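User: Could you take a close look at the aromatic rings in this model and at the helices around them? I'd be glad of one connected account.

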Amino acid sequence: MQEENAGPTTKRKTTRNPWAWIPTLYFAQGLPYVTVMTVAVIMYKNLGLSNTEIALYTSWLYLPWVIKPLWSPFVDLVKTKRAWVIAMQGLIAAGFAGIAFCIPTTFFLQSTLAFFWLVAFSSATHDIAADGFYMLGLTSGEQSFFVGIRNTFYRFASIFGQGILVMLAGWMADGKILASAGGNIPMAWSITFYLVAAIFIGLTLYHQAILPYPVSDTKREGLSAARMLEDFVLTFVSFFRKKNLGLMFFFILTYRLGESQLAKIASPFLLDKPEAGGLQLATADVGLIYGTIGVISLLVGGIVGGLLISRDGFRKWIIPMAIAINLPDLLYVWLSWSMTDNFWLVTGCVAIEQLGYGFGFTAYMLYLIYIADGPSKTAHYAIATGFMALGMMLPGMAAGWIQEQLGYTHFFIWVCVCTLPGILASMLVYRKMDPLFGKKV
């Protein structure tokens, strides 16, 4: 291992086996995101909030990921990427502990939302620092090799959050684990979030000890705030000078228009009582169906999508992928109409919808890479992902209110109508694409 002097008596490792820190770093990146975006929806549903309140409040939590390009330059200017990673993981741990403490209180809604905001902003900042540290701590060859590993552990965090944590909370609420919590839903969720806080305390301490100190991970000396602001403005202006700007935004904001609303209502639909139009599944069952089997299907869809695009190119698959991400939404129309109580039938419908989502989402992410190409590609990609998050946040905010006005069946029909602009956008993009883009040569 290479070493550098950190002081008169200490030495710090500038390199370390990537297997020692990449899996845990990207697990730590994925867990707060899935907790804020998905687990919070299920928790608030269990705690009695309406779908309107759930969709509105949890969609606002998307905002840090929308605007994170605005403060990403400061992560470069102040301290090192390593220091940011450790600090943000500590704040995330504190946020989860605050949520756990406030859940059993009479003012749980305001207080838990405040701590969810802390987790969301810390997580978005952690994303910036972790991705930067990944590039600084590895050689180019290692970066290529470990990209699949990091994505796998990010998805594993999704399974752990949406699946295991939700099932754990459901089992505790039912008295299957920790009988004293049986029937006490707030206590069950409080204990679950204390567990997540403990996990993040462990991750913080582990990464403090194990993360290397890359030689290139230093503060940018001599870079003033004024110069940084000027460079940022120029980068932003150059993004808005790209060709086919109208088509670009039409695609980014509509490709997932249906999914952005479905994602906020799918879990409440599975949990709601039949008289409200839901399927009344147990919380643990939703964790298994949506958070475990569904996420595995999502991962498989993404892998298959990547393989096909690398073989045939983006242009060939953009329209089939747009159909794949949108057409399975019809399954929710059928589920809400049939009100089936067949567990495996519900599981199969959710798995197919998530498989199509993972398959179709591959084209979306590759398109963001396509439009970011050129000078300042890293900054332009960050800006594009900000608009991607905006396209999820704004429709998601209204989804709960729309569902409560229409009922579940008509809401899911509305979702299917909202998929049509995204399919049209993919057809327009198809006409503009280079047939060789995305194809492995």
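Analyst: **Aromatic rings and their helices**

Trp117 is partly exposed, with a relative accessible area of 25% (buried is under 20%, exposed over 50%, partly exposed in between; 1.4 Å probe, protein chains only). Phe121 also counts as partly exposed, at 31%. Please bear in mind that this is a predicted model, where local features need pLDDT of at least 70, side-chain atom pairs count only at pLDDT 80 or more, and totals for chains, interfaces and linings use all residues. Residues are numbered from 1 along each chain as its sequence is written, and side-chain values use heavy atoms, leaving out hydrogens and water.

A search of the whole structure gives 34 aromatic pairs (ring centres of Phe, Tyr or the six-membered ring of Trp within 6.5 Å; planes under 30 degrees apart are stacked, over 60 edge-to-face, the rest tilted). In the pair of Trp117 and Phe121, the centres lie 5.6 Å apart and the planes meet at 25°, so these rings are stacked. Because Trp117 and Phe121 are four residues apart in helix 5, about one helical turn separates them (helices are DSSP runs of H or I, at least four residues, numbered from the N terminus). Phe239 and Phe387 are stacked too, since their ring centres are 6.3 Å apart and their planes are at 5°. This pair joins distant parts of the chain, 148 residues apart: Phe239 belongs to helix 8 (residues 225-239) and Phe387 to helix 15 (residues 377-406). Both Phe239 and Phe387 are buried.

Back in helix 5, which spans residues 108-137, we also find Ser122. Ser122 is buried, at a relative accessible area of 3%. Leaving aside residues up to four places away in sequence, Ser122 touches Met88, Leu91 and Ile92 (heavy atoms within 4.5 Å).

Elsewhere, ring pairs connect Phe251, Tyr255, Tyr357, Phe361, Tyr364, Tyr367 and Tyr370 into a cluster. Tyrosine rings also meet charges: the charged end of Arg82 sits over the ring of Tyr213, 3.8 Å from its centre, and Arg150 lies over the face of Tyr134, at 4.5 Å from the ring centre.

One more tyrosine takes us to helix 13 (residues 330-338), where Tyr332, Val333, Leu335 and Ser336 are buried. These residues lie on the same side of helix 13, because they cover an arc of only 165° around the axis. Their packing partners are helix 10 (257-271), helix 11 (283-312), helix 14 (343-372) and helix 16 (408-418). Met339 follows helix 13 and has a positive phi, near 55°.

Key
Helix = DSSP H or I, 4+ residues; strand = E, 2+ residues; numbered from the N terminus. Arc of directions from axis to C-beta. Lys NZ or Arg CZ within 6 Å of the ring centre and 35° of its normal.
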